[in-house]
Amino acid sequence: MLASVNVLSDMTPFIVAIVASLFVIDGSLTVGSLIAFFAYVDKMRSPVAALVNAYPAITEGSVALNRLFTFFSTPQTIQEKANPVILKQFTHSIKLNKVSFSYDGKDESIFLIVVLKGSFVFAADLIREIKGDVKVDFISVSSYSDQTETTGKVKLLKDLDTDITNKNVVVVEDIIDSGLTLHFLRDHLNMHKPKQIKICTLLDKPERRRVELPVDYVGFVIPDEFIVGYGIDFAQMYRNLPYIATVEEY
Ligand SMILES: O=P(O)(O)OC[C@H]1O[C@H](OP(=O)(O)OP(=O)(O)O)[C@H](O)[C@@H]1O
Ligand SMILES: Nc1nc2[nH]cnc2c(=O)[nH]1
């Protein structure tokens, strides 16, 4: 299209010159009028050429405008929930340093048992701070279903893959609340005859305890509030928050 417009505009003076010369020969046009006419044609050529050159930009602009109209007229597919969970703002981030575990005063290799799913983020940060020999395995239990209160029944979803007989075991938990999960796990792991079991948790809510449970390493003792973030969920959501928040309303 643009090429044909260009060819036409280049050819126009020649066509006009030929026709006008015929009129001059014929006597119906004077040479002076012909020269004046060409002077006008020359003045008109540059605005016409500018208009022709602007053609691609005008086309692109109209396509972009069309896209904008399509974008604004597309119906929204993600709807906000009617009753969203409200999280209390929390500004502190978690940094682990100088981590060490000891058994009867001796530095021996340890076996971390990470309790899925909630502990996976904490464990990932923790293990990178441990100097010396460390092995890791995962066990998966669940007792909260999609609620903020324990069902009271701890379900073993995945057992260990490794033999921990005679090993120094550290169980890594994200949070201890009623204590029922770890009470169940300690009994379960003891059947595998480890040398020793120690319990490490990022968060502890001692005032919620329903069973007695000695805890060896505690990150933070916290009040009775429902926690999410940093691997910890509410109905499987919010594990991806890079900080810890409390659920205010749900
Ligand atoms: O002391 P308790 O009252 O037993 O509560 C603590 C447990 O609750 C959470 O697990 P949950 O059952 O929600 O499973 P998840 O880790 O897969 O989210 C948390 O990760 C602890 O394992
Ligand atoms: N997500 C979550 N799970 C828990 N399990 C026991 N306590 C809690 C808590 O505060 N938050």
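**Figure 1. The loop holding Lys 117.** In this predicted model, Lys 117 sits in the loop that runs between β2 and α4. The peptide bond leading from Leu 116 into Lys 117 is cis, and its omega is near 5°. Strand β2 covers residues 110-116, and helix α4 covers residues 120-127.

Figure 2. The shell around ligand 1 holds 18 residues, of which Gly 118, Tyr 144, Asp 177, Ser 178 and Thr 181 come nearest. Two or more residues of this shell are given by each of β2, β5 and α5. Strand β5 supplies the largest share, four residues. By class, six residues of the shell are nonpolar, seven are polar and five are charged.

**Figure 3. The surroundings of ligand 2.** Around ligand 2 lie Tyr 144, Ile 175, Asp 177, Phe 226, Ile 227, Val 228, Ile 232, Asp 233 and Phe 234. Seven residues of the shell are nonpolar and two are charged, with no polar residue present. Tyr 144 and Asp 177 belong to this shell and are also listed among the residues that come nearest to ligand 1.

**Figure 4. Helix α5 and the strands it packs against.** Helix α5 spans residues 180-190, and Leu 180, Thr 181, Leu 182 and Leu 185 are buried in it. The buried residues of α5 pack against four strands: β2, β3, β5 (168-176) and β6 (196-204). Thr 181, buried in α5, is one of the residues nearest to ligand 1.

**Figure 5. The largest nonpolar core.** This core has 31 residues, and those touching the most other members are Leu 112, Ile 113, Phe 122, Val 170, Val 171 and Val 172. Two or more residues come from each of β2, α4, β5, α5, β6 and β8 (227-228). Beyond its neighbours within four places in sequence, Ile 113 is in contact with Asp 137, Ile 139, Leu 160, Val 169, Val 171, Val 172 and Leu 189. In soluble globular proteins, nonpolar side chains tend to be buried together.

Figure 6. Tyr 230 counts as buried because 25 other C-beta atoms lie within 10 Å, whereas Gln 236 is exposed because it has 8 other C-beta atoms within 10 Å.

**Figure 7. Ile 130 and Val 99.** Ile 130 lies in the loop between α4 and β3 (134-142). The C-alpha atoms of Ile 130 and Val 99 are 5.8 Å apart, although 31 residues separate the two along the chain. Ile 130 has 16 C-beta neighbours inside 10 Å, so it counts as partly exposed.

Figure 8. An unreviewed UniProt entry places a "transmembrane region" at residues 14-41. In the model this span is 86% helix and 0% strand, and its end C-alpha atoms lie 11 Å apart.

**Figure 9. The chain as a whole.** Five helices and nine strands follow one another in the pattern α-α-α-β-β-α-β-β-β-α-β-β-β-β. Of the 250 residues, 18% are buried. Among contacts with a separation of 6 or more, 63% join residues 24 or more positions apart. The average pLDDT is 86, and 89% of the residues score at least 70. The model has ipTM 0.97 and pTM 0.68. Where pLDDT is low, the predicted coordinates should not be read in detail.

Conventions. Residues are numbered from 1 along each chain as its sequence is written. Chains are lettered from A and ligands numbered from 1 in the order in which they are written. This is a predicted model: local features need pLDDT of at least 70, side-chain atom pairs count only at pLDDT 80 or more; totals for chains, interfaces and linings use all residues. A residue is buried if 20 or more other C-beta atoms lie within 10 Å of its own, exposed if 12 or fewer, and partly exposed in between; C-beta atoms are placed from the backbone. A residue is near a molecule or strand if its C-beta atom, placed from the backbone, lies within 6 Å of it. Ala, Val, Leu, Ile, Met, Phe, Trp, Tyr, Cys and Pro count as nonpolar, Asp, Glu, Lys and Arg as charged, and the others, Gly among them, as polar. UniProt positions are given in the numbering used here, feature names are shortened, and annotations may be inferred rather than shown by experiment. Two residues are in contact if their C-beta atoms, placed from the backbone, lie within 7 Å. A nonpolar core is a set of buried Ala, Val, Leu, Ile, Met, Phe, Trp, Tyr and Cys residues joined through C-beta atoms within 7 Å. pLDDT is the predictor's confidence in each residue, from 0 to 100.
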